[in-house]
Amino acid sequence: MNRKDLLGLYDLSAEEIEEILCLGLSFKAALRRGEKNFSALKGKSAVILFYENSTRTRTSFELAAKFSGAEVVNISVATSSVQKGETLVDTGKTLDAMKNDVIVIRHPMGGAPKLLAETVKAHVINGGDGMNEHPTQALLDMHLGSIAGLKVAILGDIRHSRVAKSNLYGLTKLGAEVRMFGPKTLLPEGLEREGAIVCRSREEAVEGADAVMGLRIQLERQKAGNFPSLGEYAKYYGADERILSYAKKGALVLHPGPVNRGVELTSSVIDGAQSHIEDQVLSGLAVRMAVLSLLVKEEKA
Ligand code: CP
């Protein structure tokens, strides 16, 4: 990979995605062996700059950078000069002046990481921008072995989901079939143009699928009236054991988290034998280590 920044999977080639996944798999095996000392970012620094809440992405980027040998600083936007009106670009320039090497940013505005990347010398990694992309989430979701030919069903709030969009771009580039289903109000225009098969029912989406992904309802991005109630969303658009029975035997259940139990997935599905959710978290750490080392490696070359 020969890039300064990772902003989304829309721009990445299949070869670049494969390179990240492949390196991520070797990091995952090492993490499973208990190894935590790597050197790709030795002598480098990383700033985690999140303007939105996060548990998984923030923590796993922090651990990924630390395990890779970097010095890591977390900026709490609530107590930073952002509260005094400092712009994103000025914040980035300030971090550049401190000779910082990597910024991982999450921001409610789609395009904010791109704006930052165009302005700063540091490598910028998108940790989720508005309704646009969440590339490292999709990369960890794609840690499923060989992707070509897989059938992946994505259910729920597609419109507001940056996870769904990054998965659509990444999975189709590697040759998977991506089926999508959700309330009509939460299915944006143009999904077919990007390679999705938009289904008329959950059963149609899940039939014969190798993996079934529930999406978190983005309550913070909803306008009123997209669906009648959480109970009805669960009943008509969520996944329970009956819906899962349409999938291939042993199909994996995925969810980016945080999960609204009993809404997107029932508790029995979340905690069941087919749930891959905990393994996704380990993959997240591994692919983030891979992304960090591939971006910074190019700088050293
Ligand atoms: N999947 C995900 O982005 O989770 P967090 O919001 O906890 O980072």
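This is a predicted model: local features need pLDDT of at least 70, side-chain atom pairs count only at pLDDT 80 or more; totals for chains, interfaces and linings use all residues.

Analyst: Nine names make up the ligand's surroundings: Ser54, Thr55, Arg56, Thr57, Arg106, His134, Gln137, Pro256 and Gly257. Residues are numbered from 1 along each chain as its sequence is written, and side-chain values use heavy atoms, with hydrogens and water left out.

By class, the shell holds one nonpolar, six polar and two charged residues. Here Pro is among the residue types counted as nonpolar, Arg counts as charged, and Gly counts as polar.

Now the polar contacts, meaning pairs of N or O atoms within 3.5 Å. A backbone N or O atom of Thr55 sits 2.9 Å from a ligand oxygen. A ligand nitrogen lies 2.8 Å from a polar backbone atom of Pro256. For Gly257, a polar backbone atom is 3.3 Å from a nitrogen of the ligand. The protein buries 92% of the 260 Å² that the ligand exposes when taken alone, by the Shrake-Rupley method with a 1.4 Å probe.

Where does this leave the two domains? The chain divides into domain 1 (14-132 + 281-300) and domain 2 (136-276), with bounds from an automatic or database domain assignment. Each of the two supplies at least three residues to the ligand shell. Their C-alpha centres are 26 Å apart. The contact between them, counted as heavy atoms within 4.5 Å, takes 27 residues from domain 1 and 17 residues from domain 2.

Terms used. A residue is near a molecule or strand if one of its heavy atoms lies within 4 Å of it. A polar contact is a pair of N or O atoms within 3.5 Å; within protein, one must be able to donate a hydrogen and the other to accept it, and residues adjacent in sequence count only if both atoms are side-chain atoms.
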